[in-house]
Amino acid sequence: MALQFKTETDYVQERFEDLLRSCNRCDSQEDRELIEKAFRVANDAHKGAKRKSGEPYIIHPIAVAKIVTYEIGLGAKSVASALLHDVVEDTDYTIEDMENLFGKKIASIIEGLTKISGVFGKNTSLQAENFRKILLTLSEDVRVIIIKLADRLHNMRTLEALPYQKRMKIAGETIYLFAPLAHRLGLYQIKTELEDLSLKHRHPKVYEEISKQIRGTERKRQAFINKFSMPIIDRLVSSGVKFEINGRPKSIYSIWNKMQTKNIPFEDVYDLLAIRIVFEPVPDIPEKTQCWNIYSMVTDIYMPKPERIRDWVSTPKANGYEALHTTVMGPEGNWVEVQIRSKRMDEIAERGFAAHWKYKNTGSSGGELDKWLKKIRELLENPSTDALEFLDEFKMNLFSSEIMVFTPRGHIKTLPKDSTALDFAYEIHSQVGNKAIGAKINHRLVPLSHKIKGGDQVEIITSDQARPQKEWFSIVKTAKAKAALKTALKAETKNRIEKGKAILEEKLAELKLKPSSRIFKKLIPGYEVNTKDELYSKIGANIIALDNLKKILKKNTKNKWIRYWEIQFSRSSSRSKKPQKTSGTNSGSIKDGPVIIDENIDEASFSYEVGKCCNPIPGDEIIGYKNTGNSLVIHKVRCPNAVRFMSSQAERVIPIKWAVQKLFSFLVKIKISGFDKFGVYNQITTVVSKELNVNMRTINLSSHDGIFDGFIEIYVHDTKDLNNLIMNLMKIKGVDAVSRAETVEE
């Protein structure tokens, strides 16, 4: 945009003065002097530097500082740290300089931010491994991660200036790590904007289409809010409640996410908006009581949906969120979510833990941050050796939905959704998990693999004879349980090896032999094991009895024992391709992107595979992931694996496009359902195989109570063929719904 000021200096000064006006918690002269000093140092350090957009670099730290104070509500030290957050990384200043100029606390925050920049900067291949650095810093001072979230938000707001691949990397990281982290810290406004901006850059057409549809229904939505709210407003006013009521639509990302997970069009997302009632609490009456009183008034007017009550005033979420949610039947026959909060609860909901500090003596959940940071420290004590596995486990355990369950004595334990009874056992103590043989849930006997639900009372049954099993890895979900199980199995293996070694040495001594490389050359192939330790372990576990030891040692070992190892990269189709550069030249290098996937397969210079997880076909938006074998695996852009690769191994992700082709056919699975009328199956097969001349591999339809549903697997050239087929199937009388399924079985 064109600058409104005479000089660049005037423009920078105006932005800084705007920051000072926005600093709600920087009232004292000392605070103002600290911020002005930080600005002078940062402005001098970044002098002459420009952003990709062409504006002075100092505008970025100023914008980050404004988010930190105006949108999140932090104070002067955080504002100063935000202004200085890139100084050590990008200029000649050191952490020691920062400490001399601004003291230990600000220097330690800047050091934490500098470490994080190293993780999400150039060394993308180390992202997953170095993500631990962020967590270590986070567990020391939560302001570090809050400033980093502000930094990421401003970068997302100004992402247009960057090249495509860089945008995809940053957008992927944002949806995979930063948006869930903002959610976990209770920064809902920031979390929502990060999600929406990530969607805008990853799927611009989808984002624009949903935005357009929301704008198109705005007038109708406002009329509905007024109609729905008026009876509630009258009731609250007559009861003397001081309140604000508003209705806001769901975020674009949450609408898109619901459309994807439920496979429904925009028109069928029934809870597009939520009505929020924020009340001024009356002194001396518990806020919880006032929430339920307002709930009672709302449900006197509109019928509630019993299974959709969410009581977070009795038991707040782990990030401190408190509110009472209910879903009621509106005047036009549709369900409407109503959220009831006090003013304090609303501020905490919007600003997260920054607001918690303000209310720390009155809020009921001020200690939740400490509990969460304690969980982080527990995870860091037993990190997985595999960096990506660690990252996935961390994300699953700390960003996922939670359930609260009870011990037999009524104590509450918080676990990730879909946790099992065995996870609960390890949550109590590692020894309880190692000795577990079963569980009682609500006094009913269940296996350790049983998934527990919120509100369950769980009792673990143990036995001194029980031992942890390898198979338990498929049962446990939490990182704590996996780490404890790994430790226990390692100890068990060590004990078995020592026991097996002693047994073998004793048996060899009976034959007047000692262990040697010559003897092991006969024993390892003779007992069909790979290593000496495996042999010891199996002897210690009584899998190998050594009854035939003498016979094996006498065997002639002229013929070498050979094992064949099969490396299977994918069950998906694999074809060789020659990449084409957009410039028109063709060097045959994968790095020269974007790669065009077309039908010229004669000159093979690299191979590609179609990802089985999302089964892309020509016409889908795709990316390529270069695996360790230097071949490309093609994923849909919105495939969860693609998002994970973009956030954690961006250097292996390359832009890729389908060319128009009619040579290859791709296997696609479609889901179909409808009313079981006479002749409908015959019409379906006629449309598929005769009218549209599509090659059908399998059809599997079943009927029950007058309704049929099932799947058809077909070969198509591209999404145009597929959409044409779906459109024609929908025309058949009796067919109710046809949609594409993500995966197919090879």
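**A loop residue and its surroundings**

Mentor: K512 is exposed, with a relative accessible area of 79% (exposed is over 50%, buried under 20%, partly exposed in between, with a 1.4 Å probe and protein chains only). Before we go on: this is a predicted model, where local features need pLDDT of at least 70 and side-chain atom pairs count only at pLDDT 80 or more, while totals for chains, interfaces and linings use all residues. Residues are numbered from 1 along each chain as its sequence is written, and side-chain values use heavy atoms, with hydrogens and water left out.

K512 sits in the loop between α22 and α23 (helices are DSSP runs of H or I with at least four residues, strands are E runs of at least two, both numbered from the N terminus). Its phi is near 60°, a positive value in a residue that isn't glycine. Most residues other than glycine have a negative phi. D284 does something along those lines, with a positive phi of about 75° although it isn't a glycine. You'll find D284 in the loop between β2 (273-279) and α15 (287-301), and it counts as exposed at 83% relative accessibility.

Now follow the chain on from K512. Just after α24, N542 takes a positive phi of about 65°.

The buried ones are A642, V643, R644, F645, M646, S647 and S648.

The largest nonpolar core has 59 residues, and I35, L83, L84, M98 and L194 touch the most other members (a nonpolar core is a set of buried Ala, Val, Leu, Ile, Met, Phe, Trp, Tyr and Cys joined through side-chain atoms within 4.5 Å). Helix α9 (residues 142-157) supplies the largest share of this core, 9 residues. There's also a second, separate core of 30 residues, with I712, I714, L725 and V738 among them.

Stay with α9 for a moment. Its axis and that of α10 (residues 164-184) come within 11 Å and cross at roughly 140° (axes are lines fitted to C-alpha atoms over the stretch in contact, with angles from 0 to 180 degrees between N-to-C directions). The two helices are therefore oblique to each other; under 35 degrees is roughly parallel, over 145 roughly antiparallel, 65 to 115 roughly perpendicular, and the rest oblique. From α9, I145, K148, L149, R152 and M156 meet I170, A171, E173, T174, F178, L181 and A182 of α10. By class, that contact has 8 nonpolar, 1 polar and 3 charged residues (Ala, Val, Leu, Ile, Met, Phe, Trp, Tyr, Cys and Pro are nonpolar, Asp, Glu, Lys and Arg charged, the others, Gly included, polar).

Zooming out, the protein comes to 28 helices and 20 strands, and buried residues make up 48% of its 746 residues. Among contacts with a separation of 6 or more, 66% join residues 24 or more positions apart.

Technical notes. Contact means heavy atoms within 4.5 Å.
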